[in-house]
Amino acid sequence: MVWAPTRLTVLAGPSGVGKGTVAALIAERYPKVYLSISATTRRPRPGEVEAVSYFFISRAAFEAAVVAGDMLEWAEYNGHLYGTPRLAVEDALGAGRPALLEIDLAGARQIRQSMPGALQVFLMPPTWKELERRLIARGTEDEGQRLLRLATAEREVRARGEFDFVLTNDDLDRTVTRLAAIMGLD
Ligand code: 5GP
């Protein structure tokens with residue numbers, strides 16, 4: 001199958017698998033790619049920057065944006081709302097740029113419905129132990145949040161068969177190269 005040159009790619013996979021790092025490297029190596037900046041109601045982690053990591057907004061503002069139709073997709077993940085601002089993605093695609101969304105399973109399913117032509121990629125950890133290790137090493141979640149995320153991860157991993165491609169993130173550089181190839185980037 002030949003992919004259309006301009007398209008939307010969804011990158012999903014469990015928390016801690018390295019989606020953010022992979023997506024950031026794609027955007028760095030291929031500046032034409034528009035990496036969507038999501039909105040969220042969760043609090044910033046140390047080091048996260050407003051309008052770079054996320055748009056950190058209130059629940060009221062988020063809900064108003066949903067009602068206004070300004071979210072391309074959105075989902076509740078472990079008690080917080082996350083969504084993709086529609087306009088920036090549509091502008092990028094309209095300008096002929098490939099766009100990349102790093103989102104959760106529920107969001108990926110919405111995009112599958114609303115934009116069936118989007119490429120759907122799922123990132124897998126090399127092993128379950130490694131995912132646990134990465135979540136602990138990241139040190140950004142307390143024990144309760146980590147357990148919640150691992151439970152969510154199990155549900156997400158079970159759904160990997162819904163995706164067009166499943167990549168195992170055992171080597172960061174190789175994962176980025178493979179994703180770029182799947183996205184038709186050069
Ligand atoms: P985190 O709190 O670790 O930044 O993100 C938690 C989960 O929310 C991750 O699986 C991440 O991919 C997902 N996420 C981030 N932005 C969005 C978004 O805009 N929409 C959806 N549906 N999920 C998102």
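Student: How many nonpolar, polar and charged residues does the shell around the ligand have?

Tutor: Keep in mind that this model is predicted. Sorted by class, the shell around the ligand holds 5 nonpolar, 4 polar and 7 charged residues.

Student: Which of the 16 residues around the ligand come nearest?

Tutor: Those that come nearest are Ser38, Arg42, Tyr54, Glu73 and Tyr82.

Student: What lies 2.7 Å from a polar side-chain atom of Ser38?

Tutor: To read a polar contact, look for a pair of N or O atoms within 3.5 Å. Here an oxygen atom of the ligand lies 2.7 Å from a polar side-chain atom of Ser38, and a polar side-chain atom of Tyr82 lies 2.5 Å from a ligand oxygen atom. Thr84 takes part through its backbone, with a polar atom 3.4 Å from an oxygen atom of the ligand. Of the 510 Å² of accessible area that the ligand has on its own, the protein covers 96%.

Student: Which elements give two or more residues to the shell around the ligand?

Tutor: They are β5 (71–77) and β6 (80–85), and the space that the ligand takes is the largest pocket.

Student: Now the sheet: what is the order of the 5 strands in the open sheet?

Tutor: In general, the strands of a sheet pair through backbone hydrogen bonds, either parallel or antiparallel. In this open sheet the pairing is parallel and the order is β2-β7-β1-β8-β9. Because β2 (34–35) and β9 (165–168) stand at the edges with a single partner strand each, one side of each is left without a neighbour in the sheet.

Student: How many bridges join β8 to β9?

Tutor: Strand β8 (residues 119–124) runs parallel to β9 and is joined to it by 4 bridges; the bridge partner of Phe122 in β9 is Val166.

Terms used:
Residues are numbered from 1 along each chain as its sequence is written. This is a predicted model: local features need pLDDT of at least 70, side-chain atom pairs count only at pLDDT 80 or more; totals for chains, interfaces and linings use all residues. Side-chain values use heavy atoms; hydrogens and water are left out. A residue is near a molecule or strand if one of its heavy atoms lies within 4 Å of it. A polar contact is a pair of N or O atoms within 3.5 Å; within protein, one must be able to donate a hydrogen and the other to accept it, and residues adjacent in sequence count only if both atoms are side-chain atoms. Accessible areas come from the Shrake-Rupley method with a 1.4 Å probe; for residues, only the protein chains shown count as cover. On a 1 Å grid over the protein atoms alone, a cavity is a set of points where a 1.4 Å probe fits but cannot get out, and a pocket is an open set with protein on both sides within 12 Å along at least five of seven lines; lining residues have an atom within 4 Å of a point. A molecule sits in a cavity or pocket if more than half of its atoms lie within 2 Å of its grid points. Ala, Val, Leu, Ile, Met, Phe, Trp, Tyr, Cys and Pro count as nonpolar, Asp, Glu, Lys and Arg as charged, and the others, Gly among them, as polar. Two strands pair if DSSP finds at least two bridges between them.
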